[in-house]
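Here is a short report on one protein chain. Look at the fold first, then read on.

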Amino acid sequence: LFFDRPTEPCFMQKGEEKTFFRMPTNFYPDKYKSSSNVLESRFGDGASRTIEVRNIALPDLSLPMQLPYQDQFSLFVPKHRKMAGKLIDIFMNMRDLEDLQSICSYCQMRINPYMFNYCLSVAILHRDDTKGLDIPTFAETFPDKFMDPKVFRRAREVSTVVTAGDRLPVLIPLNYTASESEPEQRVAYFREDIGLNLHHWHWHLVYPFESEVRSIVDKDRRGELFYYMHQQIIARYSAERLCNNLGRPRRFNDFRQPIEEGYFPKLDSQVASRSWPPRFAGSTIQDLDRPVDQIRSDVSQLETWRDRFLQAIESMAITLPNGRQMALDEETGIDILGNLMESSIISRNRNFYGDLHNMGHVFISYSHDPDHRNLEQFGVMGDSATAMRDPVFYRWHAYIDDIFLLFKNKLPPYPRERLDFPGIRVSSVGVESVAGRGLLTTQWEQSTVDLGRGLDFTPRGSVLARFTHLTHDNFNYVIKVNNTSGSGVMGTVRLFIAPVRDEQGRPLPFNEQKRLMIELDKFTQSIPAGTSTIRRSSLDSSVTIPYERTFRAQSARPGDPGSVEAAEFDFCGCGWPHHLLIPKGTSQGYPMVLFCMISNWNDDRVAQDLVGACNDAASYCGIRDRKYPDRRAMGYPFDRPTPASSLRDFLTPNMAISDCTIRFTDATRIRGQQG
Ligand code: CUO
């Protein structure tokens, strides 16, 4: 209930069954204290359930309360991160659920709703006594971060006039942020996809920046996963661009140059009662001096940090706080760099390497009001739930990725014995779909999301909004294997797909193509002696989560907190949205190459118990409370430099490739109505 209707005070009746929180008088905000009796009878009397709030000794909330209730909240702003870290710790330190409930009812009326939602989500995700508790999807709680505000006016109208159950969905147009005169608009369906932005928000929720509880931040190979998940975003976005006649994203590497791309988000913050500010084409990032955010930082600071990264990579060692050098090796180098880059409290030397990635977001998101003279808040780049909407997100992350690649390129190529799997030969790989062999098909689909939880002060009940997104037809991978080792073995099947031509239609050089390799799936497979055929459904991808999980769709609600469906939902909410598993393709058919490798499971395996773990989207999200389930470097076998001049050259017998085509049909089906 604390997530429902975020700006509605909890002493009002909350939820469908009208729950009333009976609080100690001192919990009421000052302005209501004198009338607490009146409020109690007003809201308490008609409630079907009353929850008595325990009167606890209140912890010191002064730091998190410094963020005004109606402001925006950004994980990338250092001051906000500190305030959130403090609140997470307060929630984590509550003795039991009743105390947690008490502090929540106290906070809910005082703490900025975005920060409250974030910190409570992190705490629920990490407290032993709340694991498995259901959290409503963020797009339902704060729909204002994901869709055109016109929808809300229409939703209010619909919910006032029509009773729940008879309400027709409100339509959200697919393209509403720019016209066709803006070339970048061709990939808006990707950037502004609700599921995609939910994935990104979830990822950063699962990997918080700050807390005294170190285990919340210090997760297995976190820095490496930061690198890899964002690298895959760039690979996938590049493929989408190529399908739409756009060049690959250009790195934002010269901080003094104007950013050519503008972005006009057309989002309103319901909490802040403000429109998200746009960024005009040709904006330049500027020195920041915003006392309100306690930010005073010059562009030259970014450059200094950047130069220190380049220096560290050049010398393959980082400088520790005590002045000593620490080598960046094959095993852990990328993880160390990722943690320095992101950065979080587990950075090895935050004083020296700073906060390059986060502050890049901050500088860009304040380019329209660097000194707060216009009292403007940050743009969409400042929020992990909205950043991916903006074309500049991909330019910034293309640059970040480039720095990581500089490091990877200093590692030696994999020797043949670290690629090959003696005795295992993949004789062929292919895809089969209803459209035929080697052909993948995409189109539009309309789905619905419920806005009822996020719309305050309107009649209760669900209000559906219908939005359009890319989707594809299900397909199968068919892999033929010959095992001549004489006995059954275990292998890890690794599937990738990549474009074959550059923006000019020329064959992509392999060193560029391997950066564009998109992971599709990875799974453990027992391989009998002799020849065998592996068939694998696209639905089982280790990269994606099903539609129902991304959107917490009707079929999975209402979740009984104890049900398997609801179990560990929020970690499970992290995962690439399944409807974006493959790029859009083109109506003529976009040529790509499918790659399959079977590596030796004995070299890949991580011995651990996965029972009860939500592990079906581990490739980009990891597994809660567990190690990353693949011992190889993330991105293997394409993460290292290679002497091979073509993908074909690169292949060892345990690998195979095949051509495949993605054909897009410009038609729209309605989810649940296809055959
Ligand atoms: Cu996910 Cu830049 O980290 O956004």
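## An open sheet

Four strands form an open sheet in the order S11-S10-S14-S17, and their pairing is antiparallel. Strands S11 (436-437) and S17 (530-537) stand at the edges. Each has a single partner strand, so one side of each is left without a neighbour in the sheet. Two strands count as paired if DSSP finds at least two bridges between them. Strands are DSSP runs of E with at least two residues, helices are runs of H or I with at least four, and both are numbered from the N terminus.

Now take one pair. Strand S14 (residues 475-483) joins S17 in the antiparallel sense over eight bridges. Asn483 has Gly530 of S17 as its bridge partner.

## How to read the model

This is a predicted model: local features need pLDDT of at least 70, side-chain atom pairs count only at pLDDT 80 or more, and totals for chains, interfaces and linings use all residues. Residues are numbered from 1 along each chain as its sequence is written.

## The whole chain

The protein chain has 22 helices and 21 strands. Its C-alpha trace spans about 80 × 65 × 55 Å along the principal axes. A compact globule of 675 residues would have a radius of gyration near 26 Å, and the protein chain agrees with 25 Å. That radius is taken over C-alpha atoms, and the globule rule is 2.2 Å times the number of residues to the power 0.38.

The domain assignment gives domain 1 (19-130), domain 2 (183-408) and domain 3 (416-458 + 473-670). Such bounds come from an automatic or database assignment. The centres of domain 1 and domain 3, taken over C-alpha atoms, are 41 Å apart.

## Burial and the core

Of the 675 residues, 48% count as buried. Buried means 20 or more other C-beta atoms within 10 Å of a residue's own; exposed means 12 or fewer, and partly exposed lies in between, with C-beta atoms placed from the backbone.

The largest nonpolar core has 176 residues, and Met115, Cys119 and Cys596 touch the most other members. Helix H11 (residues 222-243) gives the most to this core, with 12 residues. A nonpolar core is a set of buried Ala, Val, Leu, Ile, Met, Phe, Trp, Tyr and Cys residues joined through C-beta atoms within 7 Å.

## An enclosed helix

Helix H16 (residues 391-408) has 18 residues. Of these, 14 are buried, so H16 is largely enclosed by the rest of the structure.

Conventions:
Expected span 1.5 Å × (residues − 1).
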